[in-house]
Amino acid sequence: MRIDELLKRKKITLSLEVFPPKSSEKFEETNRAAREIARLKPDFMSVTYGAGGGTSVFTAEIAAEIQRDFGVPTLAHLTCVSSSREHVMQVLRDYREKGIENVLALRGDIPPEGRKYHDYRYAVELIRDIRANGDFCVGGACYPEGHVESENKQDLHHLKEKVDAGLDFLTTQLFFNNEVFFHFLYRAREAGITVPVIAGIMPMTNANMLKRSIAMSGTEVPRRFRAIVDYFGSSPAAMKQAGIVYASEQIIDLIASGIRHIHVYTMNKPDVAAGIMNNLSEALK
Ligand code: FAD
């Protein structure tokens, strides 16, 4: 099923993200986690794409299997900056052959050793290529607090360009402060961006994960959340519980404030995904 249709049809949606393994030895373990998460019956699942593009077959396999075995629609990610155009076209053919209708079109991070391929500079070029090569539903990424590389506030101008190139929806980078998201959404609408924006929420269930995420995304950590991590961070079980509760509260506030589409970065943890789904079982109806 196409995600743009799903977003139109359902009043509230909750989707869950999984990431593929880095090597084939880990495939079974990751696939098991993805299948457990699929059993929770989210509205759709997204499957990320390894940074260098080397794990694209795992993305396609996991996404296809979830659709086939659980009837859960999937969104397969695709990055371009570390690939040739030829490789990107091959991946798209593979997605199509496996019945994947939804693609999240991303640039990907620029590798520390520099670019190996020069076919793509920005996600907008990939979006144009996907549009020209089949009838996919295409999503893109956006950053309520600005992309880490962006020094000025040009992000919205470039975001509008991406949407105009043919995006059906956007998914946000994680954020912990809903006010940041509301402000971003207001500015995006003012800039003429009218596609659905799915709010990305990451349950922070351990203190190290928080440090890594802040380093990667530059996300603001509200005082309330910092206090939780300071107090519960050294107790794994309590931190997990507190992280699930914080994320659930964030989602409840978003829904109560009129936000209809939520995406949860599960970090391949079925128990965390289940904790959130349980907390929200009535709120999502
Ligand atoms: P772009 O939209 O190309 O933007 C990148 C930067 O370039 C921004 O600062 C933008 O303002 C600027 N820019 C854009 N166009 C222009 C232009 N014409 N001129 C000058 N500047 C411009 N990474 C993975 O490797 N695999 C994944 O599966 C993955 N999934 C993700 C899912 C979500 C929801 C999000 C938010 C991110 C994900 N990422 C993933 C990370 C993403 O690849 C990185 O954040 C990457 O650095 C930027 O990708 P983008 O598609 O947003 O890039």
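Trainee: Where is the place of methionine 267?
Mentor: Methionine 267 is in the loop between β8 (261–265) and α11 (270–279), where helices (H or I, at least four residues) and strands (E, at least two) are DSSP runs, numbered from the N terminus. Please keep in mind that this is a predicted model, in which local features need pLDDT of at least 70 and side-chain atom pairs count only at pLDDT 80 or more, while totals for chains, interfaces and linings use all residues. Residues are numbered from 1 along each chain as its sequence is written, and side-chain values use heavy atoms, with hydrogens and water left out.

Trainee: Why is methionine 267 called partly exposed?
Mentor: Buried means under 20% relative accessible area and exposed means over 50%, with partly exposed in between (1.4 Å probe, protein chains only). Methionine 267 has a relative accessible area of 28%, and is therefore partly exposed. Methionine 267 also has a positive phi of about 55° although it is not a glycine.

Trainee: Is asparagine 268 buried or exposed?
Mentor: Asparagine 268 has a relative accessible area of 14%, so it is buried. Asparagine 268 is likewise placed in the loop between β8 and α11, and its phi is positive, at about 60°, although it is not a glycine.

Trainee: Why is aspartate 168 called buried?
Mentor: Its relative accessible area is 18%, which is under 20%, and so aspartate 168 counts as buried. Aspartate 168 sits in the loop between α6 and β6.

Trainee: Which residues is threonine 59 in contact with, leaving aside its neighbours within four places in sequence?
Mentor: Contact means heavy atoms within 4.5 Å, and the partners of threonine 59 beyond those neighbours are Pro20, Val47, Thr48, Tyr49, Ala76, His77 and Tyr95. Threonine 59 lies in helix α3 and is buried because its relative accessible area is 0%.

Trainee: How many residues has the largest nonpolar core, and what makes it a core?
Mentor: A nonpolar core is a set of buried Ala, Val, Leu, Ile, Met, Phe, Trp, Tyr and Cys residues joined through side-chain atoms within 4.5 Å. The largest such core has 66 residues, and those with the most contacts inside it are Leu78, Tyr95, Ile130, Leu170 and Ile251. Helix α3 (residues 56–70) gives the most to this core, with six residues, and a second, separate core of 15 residues includes Met204, Met209, Val221 and Ile228.

Trainee: Which residues come nearest to the ligand?
Mentor: Of the 24 residues around the ligand, those are Tyr49, Arg107, Asp109, Tyr143 and Lys162, a residue being near if one of its heavy atoms lies within 4 Å. A backbone N or O atom of tyrosine 49 lies 2.8 Å from a nitrogen atom of the ligand, so this pair falls within the 3.5 Å limit. Helix α6 gives the most to the shell around the ligand, with four residues.

Key. A polar contact is a pair of N or O atoms within 3.5 Å; within protein, one must be able to donate a hydrogen and the other to accept it, and residues adjacent in sequence count only if both atoms are side-chain atoms.
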